[in-house]
Amino acid sequence: MIFIAGKQITSEELSNLTHENTERSILSQLASAEEKLDYDSSEQLVFELRLRAQTVAAAKELDKSGMDFAIFRKSRCNPDFWDRTAEGGFRLKSGAKPSEAISDIFDHGRKYATECATAMVIVYYRALLAVLGADRFNQVFPKIELMNWHHLDRLLRDVGLMKKYPFYLPGDRRYFANPDVDPLTPEWQGENVIDLNGKLYYGHGVGIYDADTIIRSLNQNRIEDADETAYLMDSAGRPDFKNLYRISQNH
Amino acid sequence: MYSDSRAPVGTLEYIRRNRGVNACKRRFQEIIGKQKEAAPRLLNDEGLRFATLFSLKPQIEESGLKDGLSEKNRAALQICDKVLEEKKALPGGGISYTDENVHAAFLWIFQTGAENDGLSDDYDEILDLSASVLTRRYRETSILPGLAALIFRRNRKKGYLHDLIWAFFQSHDPNALRYLAPYLRSANARDRELAHLLLHLPDIGADSRRWETQYRKFMKWLQDNSPYLYFTGESLQSSNQPEICGLDREAKYLCKQISPRKRTPVDPLTSQEKESLSCFAQAEESEQTVLSDYSKALHASNPESWNRWIHLPVEEQLRLAKNGTGRRLV
């Protein structure tokens, strides 16, 4: 149930909010939820729909970008836009435009290699760039460091924080854990993914697949005496949509 | 076993430590050129540490000296090759983990190699993965104090930590947390920040007396709760604030130890325990905290009273618990 400014939204109002397919699908899931979902305004709700849809689009785009998978020790980036840190993360180069640096990852994916968590952060930055526009994006994110869930900009901190929710939606960041992974391949200890539509997930290095296929991939990289299967954790990292909406409005 | 940091003058180990890796490589090349048959004996010296073997690895291979090496050294070189393979063949990866020499080699790599952390990216990766094999595959808890120290040393150097931290928690040993706790009272802010992250505790500011209090409280908490702690599956790969270790309130209420890896009772639950748990489940979360804390304290101080208390209706248990601990429910 969606409430806007304390009033439950009607089906007619719902149908006028958006005509974009992914956004409509997310809206329909929100509307049919048993929980009461409060928004201050319809614009705030539309912002969430847009950011979620753009997250899905950015995930699909990153999958096709040619960016390689690499562990942090062997990560690489385009030095025109990024400095590689001692930990293996990427820090925005002094003088580089944040919007251009993020776009470069998608335009010249072959120049980049990183692991699955950092890829998720890149997806969210790309989605925010699409929603905010380059000028506002550059104002809001003048410094960027890409290193899994750490050194995250405070505006994106919630993406790195796993919480249990009553239901999950496209654009959520989820995690497949692999408790019995072979200790020589810690990169297979789990897979960070973007929920694309409740059935398919994008994971960097794995691709776009359903949960069973991702679990099978992880299980193939377990220790010989494994007795626990990989599984999708009942939690998600979710941007603070309301705060990001507020930021988008502060010109 | 490997604690002696001295090395006899003239050995390869001595040269590397006192004159550097390049001097060691030059001296080794001279030996290969003049008395190749002596080279394996020098490499098999008991005082040789992993950093020296690793530094000389290309020359050992180029000169065909591998066959003359001790089994432990041969296993160590095989481990290096395996870790640095671009795509690892799985599972197991072609290493005979059941071979005692392989186990000894992993242990030797970590125990003698940790002091030279930072020698190169490849070297650090071998250290990290050796640690994870030791904790996960061999359940080698003896390395945990050294592993904790290495994590915090590398953190001060701002190096890549996540695989080492992951290796530490692969031990699935709640008591290992005691090796992290002393860093809560470190004068170094990076140490404290990392300890807070790993132990899922809040930063309590700049007053050093409060750091000491937080450390003591944590150690007491660990002592009281370690049989009931389990590993949640969260990690730094999945979260920026992972709760790596959680407290099972049901286990504490029953005073029943659980497997920290699987969160299942070590001994199966009796029908009476199952019944007690179904009553416990009806209590509010804050009530469950009071009940489990009181149960543990009573069980430790007066097992007979506990045995009577645990069979009372849960409302009565709660009344006694509140009186007994003096705590009020919020």
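**Confidence, domains and contacts in the predicted complex**

Where pLDDT is low, the predicted coordinates are not something to read in detail. Chain B as a whole averages a pLDDT of 92, with 93% of the residues scoring at least 70. For the complex, the predictor reports a pTM of 0.91 and an ipTM of 0.89.

Chain B splits into three pieces: domain 1 (1-86 + 96-171), domain 2 (175-247) and domain 3 (271-325). Going by C-alpha atoms, the centres of domain 1 and domain 2 of chain B lie 31 Å apart. Where these two domains of chain B meet, twelve residues of domain 1 are in contact with 14 residues of domain 2. On the domain 1 side, α8 (144-156) and α9 (162-169) of chain B each put in at least two residues, and α8(B) provides the largest share, six residues. That side of domain 1 of chain B comprises eight nonpolar residues, three polar ones and one charged.

As for the contact between the chains, chain A brings 30 residues to it and chain B brings 28 residues. Sorted by class, the side of chain A that touches chain B holds 15 nonpolar, nine polar and six charged residues.

Methods: Residues are numbered from 1 along each chain as its sequence is written. Chains are lettered from A and ligands numbered from 1 in the order in which they are written. This is a predicted model: local features need pLDDT of at least 70, side-chain atom pairs count only at pLDDT 80 or more; totals for chains, interfaces and linings use all residues. Domain bounds come from an automatic or database domain assignment. Two residues are in contact if their C-beta atoms, placed from the backbone, lie within 7 Å. Helices (H or I, at least four residues) and strands (E, at least two) are DSSP runs, numbered from the N terminus. Ala, Val, Leu, Ile, Met, Phe, Trp, Tyr, Cys and Pro count as nonpolar, Asp, Glu, Lys and Arg as charged, and the others, Gly among them, as polar. pLDDT is the predictor's confidence in each residue, from 0 to 100.
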